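Biologist: Could you take me through the sheets, a pocket and a few local details of this model, one question at a time?

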Amino acid sequence: MKNTALTQTHEALGAKMVPFAGYNMPVSYEGINVEHETVRKGVGVFDVSHMGEFLIEGPKALDLIQKVSSNDASKLTLGKAQYSCLPNETGGIVDDLIVYRIKEETYLLVVNASNIEKDWAHISKYNEEIGATMRNISDEFSLLAIQGPKAVEAMQSLTSVDLASIKFYNFVVGDFAGIDNVIISATGYTGSGGFEIYCKNSEVQQVWDKVFEAGAAYDIKPIGLAARDTLRLEMGYCLYGNDIDDSTSPFEAGLGWITKFTKDFVNSEALAKIKAHAPERKLIGFELDERGIPRQGYDIVDGQGKTIGIVTSGTMSPSLGKGIGLGYVPSVFAEAGSKIHIQIRKNAVPATIVKPPFYRG
């Protein structure tokens, strides 16, 4: 089990620690609802240093990224980030990721912790004939997500960068908490604003301490992975391993918007055919009409009790006070406003298909 550079800090704060993607991670501190509300209304900090980071450099860097990713990375200018995915050879998704253009010929790929080795092997395979310079720096860097509507105001004293001017999916390399050359990125996963801080492992304790000093007047709190999951689900954001995986196509998952056929990429011909014929199933969002908590793996059934799909993510939404979830159903059942049922133990609980986000601020 790997630790982040802040594991002892979390333990000292009384965090409940759990194994996650091979790491010892804080799942909660005070409790999921308190932490969730802190991010929705104030400011909270996640240690997400388990995420993977790859540097792709040199004159062939863009060629490699264009080959392995679905989005069009040629559109990235310096200081811009892009959500994308790595298609596999069979129509599914190796991983979803964020691509940052750091310098003219330097890109940072941020991948999911559980997929670091898989992604590295997949990208390396295609790099054999392209020849970009690749570096896996995952074990050297830490990542803090400072999220919530008060994040900018609470953190402005720690940097000379105008935090309010960093637009969504943009970033700045600047000073933060007394450390130079920190990536300050507006690429959050919660839907409540804020930014993420990439720094070296040797620097993150200083950053963490100064963040909590600066945020004290704003009632800043540490936030665990459980609230991260409820926050992202209220926005309808996909989680790899739940809502997308090696068997789900970007078009089934509603990620056609990050799949650009302006270039040749892995399995692009087959994906173009899927797009042309429309996928047979789709990822839908739903809200329960009655009390209940949907969970991953629960059956989605029609009015006659016939199983038509499966829940991939589900929770009791702390913001809305009702059960919400994502799941796959045949495309004919995927219309917003349609009625479905979620099989929760012996009860088929009625639900309505809705277009995410569930939470709209």
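The questions and answers below concern a predicted model.

Biologist: In the open sheet of five strands, which are the edge strands?

Modeller: The strands of this sheet follow the order β5-β6-β7-β4-β8, and their pairing is antiparallel. Neighbouring strands are turned by 25 degrees against each other on average, direction ignored. An edge strand pairs on one side only, and that applies to β5 (81-87) and β8 (133-136).

Biologist: How many bridges join β5 to β6, and which residue is the bridge partner of Leu86 in β6?

Modeller: The strands β5 and β6 run antiparallel and are joined by seven bridges. For Leu86, the bridge partner in β6 is Asp95.

Biologist: Which helix lies across β4, β5, β6, β7 and β8, and at about what angle does the helix run to β8?

Modeller: The five strands named make up the open sheet with the order β5-β6-β7-β4-β8. The helix lying across them comprises residues 116-130, which is α4, and its direction relative to β8 is about 170 degrees.

Biologist: Why is one side of β10 and of β13 left without a neighbour in the sheet?

Modeller: These strands belong to an open sheet of six, ordered β10-β11-β12-β9-β3-β13, in which the pairing is mixed. Because β10 (171-176) and β13 (221-222) stand at the edges, each has a single partner strand.

Biologist: Which residues are the closest to the centre of the second largest pocket?

Modeller: The second largest pocket has a volume of about 430 Å³. Its lining takes at least two residues from each of β4 (52-57), β6 (93-103), β7 (106-111), β11 (179-185) and β12 (194-200), and by class the lining has nine nonpolar, two polar and eight charged residues. Of the 19 residues that line this pocket, the closest to its centre are Leu55, Ile102, Phe141, Asn181 and Ile183.

Biologist: How are Tyr189 and Tyr237 arranged as an aromatic pair, and how many residues apart in sequence are the parts that the pair ties together?

Modeller: The structure holds ten aromatic pairs. In the pair of Tyr189 and Tyr237, the centres are 5.9 Å apart and the planes make 15 degrees, so the pair falls under the 30 degrees that count as stacked. Tyr189 lies in the loop between β11 and β12, whereas Tyr237 lies in the loop between α7 (225-235) and α8 (268-277), so the pair ties together parts whose separation in sequence is 48 residues.

Biologist: Which peptide bond is cis, and which residue has a positive phi although it is not a glycine?

Modeller: With omega near 5 degrees, the peptide bond from Pro356 to Pro357 is cis, and Pro357 is found in the segment after β19 (347-354). In the loop between β1 (16-20) and β2 (23-28) lies Ala21. The residue with a positive phi, of about 55 degrees, although it is not a glycine, is Ala21.

Definitions and conventions
Residues numbered from 1 in each chain as written. Predicted model: local features only at pLDDT ≥ 70, side-chain atom pairs only at ≥ 80, totals over all residues. Heavy atoms only, no water. 1 Å grid on protein atoms, 1.4 Å probe; cavity = no way out; pocket = protein on both sides within 12 Å on 5 of 7 lines; lining within 4 Å. Points joined across faces, edges and corners; volume = space filled by probe spheres on them. Helix = DSSP H or I, 4+ residues; strand = E, 2+ residues; numbered from the N terminus. Nonpolar A, V, L, I, M, F, W, Y, C, P; charged D, E, K, R; others polar. Pairing = 2+ DSSP bridges. Axes fitted to C-alpha atoms, helices over the stretch in contact; angles between N-to-C directions. Contact = heavy atoms within 4.5 Å. Phe/Tyr/Trp six-rings, centres within 6.5 Å; stacked < 30°, edge-to-face > 60°.
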